[in-house]
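The exercises below go with the sequence and model shown here. Each has a task and a stepwise solution.

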Amino acid sequence: MTDQTLVGKVGLVTVGVRGGPLPGEVRLVVQGIPHYYIAYCGQALAVGEQVLVINSRGARQLDVEPWQQPGPEDGRPLTD
């Protein structure tokens, strides 16, 4: 698994991200195995929020942004 294969994956905040230069922790499931990474975001994120990986800094450090799965509440149909 390369660092770039993580970009585009959705994860879950396990330790609150404080925002800016103050990281938190996220869990990503890769090939069925949970992995934990240090995560940075421009804004604070609470435990339990979903995030999208937008960049890998290497050494198990990622840049993330808030993410919500598309669904009926946003007007887009769910697909199978």
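**Exercise 1. Aromatic rings and charges**

Task: in this predicted model, find how many aromatic pairs a search of the whole structure gives, and which charged ends sit over the rings of Tyr-40 and Tyr-37.

Solution. 
1. Searching the whole structure for aromatic pairs returns zero. The cut-off applied is 6.5 Å between ring centres.
2. Turn next to charges over rings, where CZ of Arg must be within 6 Å of the ring centre and within 35 degrees of the ring normal.
3. Over the face of Tyr-40 lies Arg-57, at 3.9 Å from the ring centre.
4. The ring of Tyr-37 has the charged end of Arg-60 over it, 4.4 Å from its centre.

**Exercise 2. The sheet**

Task: give the strand order of the closed barrel and describe how β1 pairs with β2, β3 with β5 and β4 with β5.

Solution. 
1. Five strands make up the closed barrel, in the order β1-β2-β3-β5-β4, and the pairing is mixed. On average, neighbouring strands of this sheet are turned by 55° against each other, direction ignored.
2. β1 (residues 10-15) pairs with β2 (residues 24-30) over three bridges, in the antiparallel sense. Here Val-15 has Glu-25 in β2 as its bridge partner.
3. Between β3 and β5 the sense is parallel, again with three bridges. Ala-39 is bridged to Leu-62 in β5.
4. β4 and β5 are antiparallel, with six bridges. Gly-58 stands opposite Gln-61 in β5.
5. The β4 and β5 strands form a hairpin with two residues between them. In its turn, Ala-59 has a positive phi of about 50°.

**Exercise 3. The nonpolar core**

Task: state how many residues the largest nonpolar core has, which element gives the most to it, and what Leu-62 is in contact with beyond its neighbours within four places in sequence.

Solution. 
1. The largest nonpolar core has 14 residues. Leu-6, Val-26, Leu-28, Leu-45, Leu-62 and Val-64 have the most contacts inside it.
2. Two or more residues of this core come from each of β2, β3 (33-40), β4 (50-58) and β5 (61-66). With three residues, β2 gives the most.
3. Take Leu-62 and leave aside its neighbours within four places in sequence: its contacts include Leu-6, Val-26 and Leu-28. Also among them are Tyr-37, Ile-38, Ala-39 and Tyr-40, as well as Val-53, Asn-55, Ser-56 and Arg-57.

Note on methods: Residues numbered from 1 in each chain as written. Predicted model: local features only at pLDDT ≥ 70, side-chain atom pairs only at ≥ 80, totals over all residues. Heavy atoms only, no water. Phe/Tyr/Trp six-rings, centres within 6.5 Å; stacked < 30°, edge-to-face > 60°. Pairing = 2+ DSSP bridges. Helix = DSSP H or I, 4+ residues; strand = E, 2+ residues; numbered from the N terminus. Axes fitted to C-alpha atoms, helices over the stretch in contact; angles between N-to-C directions. Core = buried A, V, L, I, M, F, W, Y, C linked by side-chain atoms within 4.5 Å. Buried < 20%, exposed > 50% of the residue type's maximum accessible area, 1.4 Å probe, protein only. Contact = heavy atoms within 4.5 Å.
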